[in-house]
Amino acid sequence: VASGLFLLYVFFYIGLSVYPLLETAKESVLREAERRAFYIARQIGDLNQENLANGHEALLTTDFAEKDPSVTEAMIVDLGGRVLAPVSRANEAVNNPFIVRHLALIREGNQKAWRLISKRNEDATRVIVTVPIFVRAPKSGLNVPKALVSVTFMLKGITLDSGTIGVVYFESLILALMIGAVFLY
């Protein structure tokens, strides 16, 4: 009975202490990835805003963002769904449903879509962030969205790998065994 209670204690100690900690760490990493992707998207928008406003589509660039090892895709898309940058994908039609939905909301005039929108994939391994680029409309003189920046950010380099998670569980097991042995004694 004492051994059974000891093993039950160890099981519950590990389950109730480590799993919530790892889930909290995972959520924290996802939020940080969203912040980093948003920052990169804003930089792309700010650096290309003047060229977009003047109609210099050939000068639009996303090169610096693609050098980040966690960024798998960075592109500028016009409101019609045509890729403007990078040059290697110029004039392609966007087929990502998340980006297409954001573009549709902007075209409908939904001003809630004039801000950062982010989405996580199902297994929480990547984050997609879209941010509009605003330019001054000649008729009204107001800033309106002219294009959309999309950044896909992989969490591969900043998440806890299986080896680290295994070490956390093992350390928790050792601690539970030591504390349980004292109480059992």
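**Charged pairs**

Guide: The side chains of R120 and E27 meet in a salt bridge, 3.0 Å from N to O. The pair links distant parts of the chain, 93 residues apart: R120 sits in strand β3 (residues 117-120) and E27 in helix α1. Keep in mind that this is a predicted model.

Visitor: Are R120 and E27 buried, partly exposed or exposed?

Guide: R120 counts as partly exposed, because its relative accessibility is 28%. E27 also counts as partly exposed, at 30% relative accessibility. Buried would need under 20%.

Visitor: What else does E27 form a salt bridge with?

Guide: R31. The closest N and O atoms of E27 and R31 are 3.7 Å apart.

Visitor: Where do E27 and R31 lie relative to each other?

Guide: They are four residues apart in helix α1, so about one helical turn separates them. R31 is partly exposed, with 40% relative accessibility.

Visitor: Why do such side chains pair at all?

Guide: Side chains of opposite charge can pair when their charged atoms come close.

Visitor: How many salt bridges are there in the whole structure?

Guide: Ten, from a search of the whole structure. One of them is between R89 and E92, with the closest N and O atoms 3.1 Å apart. E92 is partly exposed, with a relative accessible area of 36%.

Visitor: And which residues do shared partners join into one network?

Guide: E27, R31, E34 and R120 are joined that way, through salt bridges that share partners.

Visitor: Switching to the backbone. Which peptide bond is cis?

Guide: The one from A85 to P86 is cis, with omega near 5°. P86 is in the loop between β2 (83-85) and α3 (97-107).

Visitor: What about N91, what is its phi?

Guide: Near 70°. That is a positive value in a residue other than glycine. N91 is also found in the loop between β2 and α3.

Visitor: Is N91 buried or exposed?

Guide: Exposed. The relative accessible area of N91 is 54%, and the cut-off for exposed is over 50%.

**An asparagine in the helix**

Visitor: Now N48. Buried or exposed?

Guide: N48 is buried, because its relative accessible area is 1%. Its place is in helix α1.

Visitor: What lies 2.8 Å from a polar atom of the N48 side chain?

Guide: The backbone oxygen of I44.

Visitor: Which residues is N48 in contact with, leaving aside neighbours within four places in sequence?

Guide: L59, L60, T61 and I76.

**Nonpolar surface**

Visitor: Last topic. Which residues form a nonpolar patch on the surface?

Guide: V1, L5, L8, F11, F12 and L16 form one. Together they have about 720 Å² of accessible area.

Visitor: Take L5. Where does it lie?

Guide: L5 lies in helix α1, which covers residues 2-53. L5 counts as exposed, because its relative accessibility is 53%.

Key. Residues numbered from 1 in each chain as written. Predicted model: local features only at pLDDT ≥ 70, side-chain atom pairs only at ≥ 80, totals over all residues. Heavy atoms only, no water. Patch = residues over 30% accessible without salt bridge, like charges linked within 9 Å, V, L, I, M, F, W, Y side chains within 5 Å. Areas by Shrake-Rupley, 256 points an atom, 1.4 Å probe, with all protein chains shown as cover. Salt bridge = Lys/Arg side-chain N within 4 Å of Asp/Glu carboxyl O. Helix = DSSP H or I, 4+ residues; strand = E, 2+ residues; numbered from the N terminus. Buried < 20%, exposed > 50% of the residue type's maximum accessible area, 1.4 Å probe, protein only. Polar contact = N/O pair within 3.5 Å; in protein donor to acceptor, adjacent residues only side chain to side chain. Contact = heavy atoms within 4.5 Å.
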